[in-house]
Amino acid sequence: MPNKTDGILFELQPRPTKGDDGKPLLYAQPVIERKYDLDAIDDFCAKYRHTSKGEMKRLFDLFSEVATMWLRQGCRVETPFGSLAPKLKLLGDHTDPVRVTGNDVVYGGIEFIPSRQFVQDADCSGDGFRRKKGRVGNSQMHDSKAMEEALRRSTVNGYITISNFVWASGLKYRSAKLYLDGLCQGDSPRLRCYQEGRTWHYVFLRDQPTV
């Protein structure tokens, strides 16, 4: 069967939970190949939607000014795209409502609930989907041999840096740091880390692994 060449490109990522075979369950996420900013929206609308140059930027600026004014007042702002409202966060653990005061509450960001029509209009399933080839997320983290080889290859001058481990393992920076930090923890840590300048160095507490 020929490979699909159209449709939304997606990639697979592992979930924290595992299936019956002991491997991480997977989820799909789109591969974002292009981003459009406000300049692109303004240019497109001026070219194809009969707006004047700068009109869309002025409209967004005006909407942002008015919407944030109402959000600061604790209001919900409803639009054709969906509704926005301030999110609140309760500090600490509380069980007695009488003891909670305004000092225990902080601003927690913006809640956005897309409208049903906006979700339907944005449906991207028309041309189907095609999978990006390559590794599944950071699935190599579950391959002990691959990780041992990456540790060996990234050891230079007796220590490992996160950048070297990223190169050797194929992990993203955050995942590489989490993996190395994990080897520094527990009752029998394999590594210890120290900071030199702005760089973290990881050294083996025992002999370097061999593959």
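Predicted model: local features only at pLDDT ≥ 70, side-chain atom pairs only at ≥ 80, totals over all residues.
Residues are numbered from 1 along each chain as its sequence is written.

Helices (H or I, at least four residues) and strands (E, at least two) are DSSP runs, numbered from the N terminus; axes are lines fitted to C-alpha atoms, for helices over the stretch in contact, with angles from 0 to 180 degrees between N-to-C directions. Contact means heavy atoms within 4.5 Å, and here Leu 38, Asp 39, Ile 41, Asp 42 and Cys 45 of α1 meet Glu 55, Met 56, Lys 57 and Phe 60 of α2.

Next come helices α4 (residues 144-154) and α5 (residues 162-169), whose axes approach within 8 Å and cross at roughly 130 degrees. Met 147, Ala 150, Leu 151, Arg 153 and Ser 154 of α4 make this contact with Asn 164, Phe 165, Trp 167, Ala 168 and Ser 169 of α5.

Helix α5 also lies across β7, β8 (159-161) and β10, at about 80 degrees to β8. These strands belong to an open, antiparallel sheet of four, ordered β7-β8-β10-β9; strands pair if DSSP finds at least two bridges between them. Its edges are β7 (155-156) and β9 (191-196), each pairing on one side only. Six bridges join β9 to β10 (residues 199-204) in the antiparallel sense, and Leu 191 stands opposite Phe 204 in β10.

Conventions: Heavy atoms only, no water.
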